[in-house]
Amino acid sequence: MKNQFNIVNLFLIIISLFLHLQCAPAKLNGACDPESESFVFSALLEFGSSDGSFLCPLFSGLNPLRLDYGTDFLVMRQEEPIGNLKPFSSEPITHCESSPGLPLGVVLDETNCAISGTPLVGMNATKFLITAKSRNKQVTIPLVIKSLFIPKFAFVANVGSSLINSYTINATSGVLGAGGFVAAGGGPESMALSTNQKFLTVANRNTNNLSQFSINPLNGNLSIVETISSGGTIPIAVVYHPSKDLLYIRNSENISTFSLNPLTGNLNLVNTISNVFDSSGIAMDPLGNFLFVASFNANVINSYGIDPISGFLSPNPIQSISTGSRPRRLVTLANGKAIYVAYDAGSNISTYQIDVSTGFMSSVFPLSPSSGLVSGTIVSDPTGRFVYMTNRDTNTISMYATSPLSGELIPMSPNTVATGTEPFGIAVDPSGKFLYNTNMADSTAGIFSINQTNGSLTPNGSTGTSTSPAAIVTAGTNP
């Protein structure tokens, strides 16, 4: 109502000045002079501007206070200084505050809303509300902040041996150090880390159950917590909620939700919804508002709303959108504004933009071609700048840059880098500096460094795994 009142006032002022100028001789004393020929045009520019370039004292009281960090998704790294991020403000700020408070080690300057410091902890994407006050105005803007964990461990699931390998990660070079191994159920093909980085859940496709492991924080070795039913048959995909102790399993006939005991790691089935009968991947937006489920047989992606209190899925999709033939695996962009889909019947990648408020998807870009005919797994880096996909038949990884605003994929040049034989699983470490892939025919895991400027991959050797490694995930820990 206040904004409408201001608009009406502005309109009346402009009309009055316009009539005045038609009846009075022009005095070209400046664009902000009411008797200048440029004044009406200047006022229109001022009202529509967002950068303060056309501010005139006469109109400053009518415009709302504007605050802009140049992004709504801020990524920082644990134990690395972030410099001084000072936002644009249309007026001098008298006070600034954040709800909730910024991550440990990160400072919000109460006098100008500048953000600085060194994050001391890793943190999943979290929405903060930054409130700025001027002399007699106030504005609150959302800012999603993500603090990347220091990498610690990597885990590989082997479908041939049903073993899970553990590795340490050298945080400087990304090299993997072999640790122990443990037995899971039959056909482990998907894994996920709990939000607190303390537990690893393995979905066993052939035995219809879950293997739950605790992670030794010193060496990454795994210890079995329990083995329980997946809540359905053929569990193919698993994902944790980014801020709740909840786990979602894609079974062939349903999606089951489990609660996690954050101290013991025990799982408890709390909700189940039916789904189209098939086996394909799932992905969650970074704030945990929506779950996206690929349907291999129906050639669609379904989006489900997630209750902000209970974390349960809406019983019916809020949207179903058509895809190419046989969508298998999908991943969301780190800022939640796009989702990428890889297919069994071809190696092209589909890009869908996501409305972060509603979860609705839209397709506006043509398919992005890859180098092979048989895709493996697709991954987005944690900074939201790059996307990578394994090509099983050409023994390569395709590399893409992304547009943070539109999500559009931009092929890098060259577009691929060589791997071992039959690459399948792929993962980026929690810091976004290293990439790993599994080579099923070689029984190895490839190691790559990520160029932080352009996203290109540089090989840095490989390490042995057990038989037929399919999936790989990486973990970090907080002090």
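Two strands are taken to pair if DSSP finds at least two bridges between them. Strands (E, at least two residues) are DSSP runs, numbered from the N terminus. The structure is a predicted model, in which local features need pLDDT of at least 70 and side-chain atom pairs count only at pLDDT 80 or more, whereas totals for chains, interfaces and linings use all residues. Residues are numbered from 1 along each chain as its sequence is written, and side-chain values use heavy atoms, with hydrogens and water left out.

Under these criteria, strands β17, β18, β19 and β20 form an open four-stranded sheet in the order β17-β18-β19-β20, with antiparallel pairing.

The pairing can be followed strand by strand. Four bridges connect β17 and β18 in the antiparallel sense, and Y240 has L247 of β18 as its bridge partner. A hairpin through five residues joins these two strands. Between β18 and β19, five bridges are found, again antiparallel, with Y248 partnered by T257 in β19. Three residues lie between β18 and β19, which form a hairpin. Strand β19 (residues 254–260) is in turn joined to β20 by seven bridges, the two running antiparallel; here F258 has L269 of β20 as its bridge partner.

Side chains of opposite charge can pair when their charged atoms come close. With a salt bridge defined as a side-chain nitrogen of Lys or Arg within 4 Å of a carboxyl oxygen of Asp or Glu, the count comes to eight. D278 lies in the loop between β20 and β21 (282–284) and R250 in strand β18, so the pair ties together parts that are 28 residues apart in sequence. Both D278 and R250 are buried.

A further salt bridge links E189 and R205, whose closest N and O atoms are 3.5 Å apart. E189 belongs to strand β13 (residues 188–193), while R205 lies in the loop between β14 (199–204) and β15 (209–215), so this pair ties together parts that are 16 residues apart in sequence. R205 is partly exposed, at 26% relative accessibility.

R392 and E422 also form a salt bridge, with their closest N and O atoms 2.6 Å apart. This pair links distant parts of the chain, 30 residues apart: R392 is in the loop between β30 (386–391) and β31 (396–402), and E422 is in the loop between β32 (409–418) and β33 (423–428). R392 is partly exposed, with a relative accessible area of 26%, and E422 is likewise partly exposed, at 27%. Elsewhere, salt bridges that share partners join E189, R205 and R329 into one network.

Notes:
Buried < 20%, exposed > 50% of the residue type's maximum accessible area, 1.4 Å probe, protein only.
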